[in-house]
Amino acid sequence: MTATPMTLIETEDRRQYKATRRRDLAVDLSMALATILAALAIGFLVMLATGNDPVRAYEVMLTGPLDRSFRVGRWLEDATTLTLLGLSVAIPFRARQISLGAESQLYAGALAAAAVAVFLPLPAVAAVIVPMVAAAMAGAGMGLVPGTMKARLGANEIVATLMLNAIAVRVYDYLVNGPLKEPGSSAVHSKPIQQDSALTPLSDWFGIPMGRANVGLGLMLLTAVGLWLLITRTPLGYRIRMTGANPDFAAYGGIKVPRVIEWSFVIGGAVAGLAGAHLVQGVYGRLEPGLSGALAFEGIVVALLARNNPLVVVVAGLFYSYLRAGGDIMEQQTDVGTEIVVVIQAVIVLLVTAQALPELLKRRIARKQVGVR
């Protein structure tokens with residue numbers, strides 16, 4: 001059967017679209033790696049200027065996390081949570097929404113997962129899945145609040161998400177110190193989750209001690225692939241990308257921008273909720289004070305470093321966690337403190353910001369040209 005000209009055109013369009021998608025992935029990955037190498041080089045110069053031995057420090061920092069199996073486990077445990085948080089903010093960022101609410105969504109997800117895993121008896125498989133579903137729903141609900149405020153009321157999403165963070169953390173602290181505190185315990189934490197709700201440690205699979213690293217790592221990888229498919233292969237993903245590229249043009253083309261904004265916050269909140277479930281079911285086995293530390297905000301750096309590409313977020317999250325783990329070992333084995341890791345992190349933020357400036361300038365010039373015409 002002879003192909004019609006229209007069929008040939010459609011085939012060529014699909015081929016070009018796939019080629020563009022592969023090129024964008026390669027560019028995002030290359031930019032992330034270049035940023036990492038530049039930050040490491042600047043950190044090297046800083047150590048050299050302060051009289052430290054940068055070669056020895058980097059040797060320890062870059063090889064230490066792989067030196068023993070339990071250190072590998074600590075790295076992967078940290079990378080799982082951090083990457084999920086990076087993915088959670090990458091989706092609103094793709095819709096051009098500056099969401100800083102991963103912390104509140106994580107705490108909401110942790111509370112929901114613990115409530116189910118501690119108090120609701122379930123069969124073996126359901127005992128793992130249901131708390132994670134509850135966590136995702138709680139995180140999505142916490143994301144919907146600032147999303148609706150921005151989309152329907154015109155509220156500033158930065159202020160809304162930051163204020164919700166403060167509320168969620170205070171509510172969490174109250175519950176862990178009060179109603180959910182384990183009776184008779186002098187330490188501040190909740191009751192432990194039921195055994196069937198715990199995520200299987202990687203040590204059980206590989207037969208070597210890997211600390212608290214668990215199958216949540218696989219969940220993180222599946223989530224990244226799922227979000228990448230959502231962004232690149234679905235109508236909702238197209239609407240998110242168009243809204244992020246130019247909301248006025250998206251609205252002119254028939255896209256309901258307020259609804260897209262809401263969906264971006266909901267999806268991001270669900271993923272942050274999963275990060276909370278991972279901490280409860282895979283890391284601590286209960287609710288603990290200060291559950292996430294500063295990971296929620298470091299997830300923003302991971303998303304920016306990956307240029308909000310879900311697949312590249314995995315690479316950025318693994319590197320960033322490796323840097324954190326290596327910094328702790330470097331401080332223990334050399335005279336260089338973890339401050340150098342903070343310097344490298346700050347340089348990464350500056351370099352990522354510098355990459356964003358040319359794109360912002362191009363968009364403003366393009367808008368002015370359209371306005372003149």
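This note goes through the predicted model point by point, from its overall make-up to single pairs of side chains.

1. Because the model is predicted, local features need pLDDT of at least 70 and side-chain atom pairs count only at pLDDT 80 or more, while totals for chains, interfaces and linings use all residues. Residues are numbered from 1 along each chain as its sequence is written, and side-chain values use heavy atoms, with hydrogens and water left out.

2. The protein chain contains 14 helices and 0 strands, where helices (H or I, at least four residues) and strands (E, at least two) are DSSP runs that are numbered from the N terminus. Read from the N terminus on, the order of elements is accordingly α-α-α-α-α-α-α-α-α-α-α-α-α-α.

3. The protein chain has 373 residues, of which 47% count as buried; buried means under 20% relative accessible area, exposed means over 50%, and partly exposed lies in between, with a 1.4 Å probe and protein chains only. The accessible surface of the chain comes to about 18200 Å², and 66% of this belongs to carbon and sulfur atoms, the areas being computed by the Shrake-Rupley method with a 1.4 Å probe, and for residues only the protein chains shown count as cover.

4. Among contacts in the protein chain with a separation of 6 or more, 75% come from residues 24 or more positions apart, a contact being heavy atoms within 4.5 Å.

5. The structure holds 3 aromatic pairs, a term for rings of Phe, Tyr and Trp (its six-membered ring) whose centres lie within 6.5 Å, with planes under 30 degrees apart counted as stacked, over 60 as edge-to-face and the rest as tilted. One of them joins Trp75 and Tyr322, and this pair is edge-to-face because the ring planes stand at 85 degrees, with the centres 5.1 Å apart. Trp75 belongs to helix H3 (residues 69-94) and Tyr322 to helix H13 (residues 310-333), so that the pair links distant parts of the chain, 247 residues apart. Both Trp75 and Tyr322 are buried.

6. Tyr107 and Tyr172 form another edge-to-face aromatic pair, with 4.6 Å from centre to centre and 65 degrees between the planes. Here, too, distant parts of the chain are linked, since Tyr107 is in helix H4 (residues 102-119) and Tyr172 in helix H6 (residues 157-177), 65 residues apart. Tyr107 and Tyr172 are both buried.

7. The structure also holds 11 salt bridges, each a side-chain nitrogen of Lys or Arg within 4 Å of a carboxyl oxygen of Asp or Glu. One of them, between the side chains of Asp78 and Arg324, has an N to O distance of 2.8 Å, and it links helix H3, which holds Asp78, with helix H13, which holds Arg324, over 246 residues of sequence. Asp78 is buried at a relative accessible area of 7%, whereas Arg324 is partly exposed at 24%.

8. Glu262 and Arg152 meet in a salt bridge of 2.9 Å, N to O. Because Glu262 lies in helix H11 (residues 257-284) and Arg152 in helix H5 (residues 124-153), the pair ties together parts 110 residues apart in sequence. Glu262 counts as buried at 13% relative accessibility, and Arg152 is partly exposed with a relative accessible area of 48%.

9. Glu59 counts as partly exposed at 43% relative accessibility, and so does Arg56 at 37%.
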